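Here are a few friendly notes to read alongside the model. Have a look at it first, and then we can go through some points together.

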Amino acid sequence: MRYDSTMVDRQVGRNAELFAQSIAELDSRAERYPYLRILISLIDQAHPEWRQAPNKVGRIAEMAHALSDGQLEVDEVEEVVRVRDKEKGYR
């Protein structure tokens, strides 16, 4: 299948990009939350070098924003990353 656009990040992949775009179409933050957790995990697995980076939250949020073609809000993704990290015991 051919796509009109190039992939944002080859490490994350086209499926994650399409997934991010579909997440952005959901109506509420509550509906998007579980899917954002999955997307964040995909990005985290694709970029393990970011795990110890001081600006990890911002990088992941910017990547999600880019993957969604600018439809996901960076602030919302950052909030989910922070909650996820807190649950895992980081920081």
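Is Arg29 buried, partly exposed or exposed?

1. Please keep in mind that this is a predicted model. As for the opening question, Arg29 counts as partly exposed because its relative accessibility is 39%.

2. Arg29 forms a salt bridge with Glu73, and their closest N and O atoms are 4.0 Å apart. Since Arg29 sits in helix H2 and Glu73 in the loop between H3 and helix H4 (74-88), the pair ties together parts that are 44 residues apart in sequence. Glu73, at 48% relative accessibility, also counts as partly exposed. A network of salt bridges links Arg29, Glu73 and Glu79.

3. The structure has eight salt bridges. Another one of them joins Asp85 and Lys56, at 3.0 Å from N to O. Asp85 belongs to helix H4 and Lys56 to helix H3, so this pair connects parts 29 residues apart in sequence. Both Asp85 and Lys56 are buried.

4. Asp44 and Arg51 also form a salt bridge, with 3.4 Å between the closest N and O atoms. Here Asp44 is buried, at 8% relative accessible area, whereas Arg51 is partly exposed at 38%.

5. Now for the helices: H2 (residues 29-46) and H3 (residues 56-67) pack at about 110°, their axes 10 Å apart, and are therefore roughly perpendicular. Leu39, Ile40 and Ile43 of H2 meet Ile60, Met63, Ala64 and Leu67 of H3. These contact residues comprise seven nonpolar, no polar and no charged.

6. His47 lies in the loop between H2 and H3 and counts as buried, at 3% relative accessibility. Beyond its neighbours within four places in sequence, His47 contacts Asp9, Gln11, Val12 and Met63.

Conventions. Residues are numbered from 1 along each chain as its sequence is written. This is a predicted model: local features need pLDDT of at least 70, side-chain atom pairs count only at pLDDT 80 or more; totals for chains, interfaces and linings use all residues. Side-chain values use heavy atoms; hydrogens and water are left out. Axes are lines fitted to C-alpha atoms, for helices over the stretch in contact, and angles run from 0 to 180 degrees between N-to-C directions. Helices (H or I, at least four residues) and strands (E, at least two) are DSSP runs, numbered from the N terminus. Angles under 35 degrees count as roughly parallel, over 145 as roughly antiparallel, 65 to 115 as roughly perpendicular and the rest as oblique. Contact means heavy atoms within 4.5 Å. Ala, Val, Leu, Ile, Met, Phe, Trp, Tyr, Cys and Pro count as nonpolar, Asp, Glu, Lys and Arg as charged, and the others, Gly among them, as polar. Buried means under 20% relative accessible area, exposed over 50%, partly exposed in between (1.4 Å probe, protein chains only). A salt bridge is a side-chain nitrogen of Lys or Arg within 4 Å of a carboxyl oxygen of Asp or Glu.
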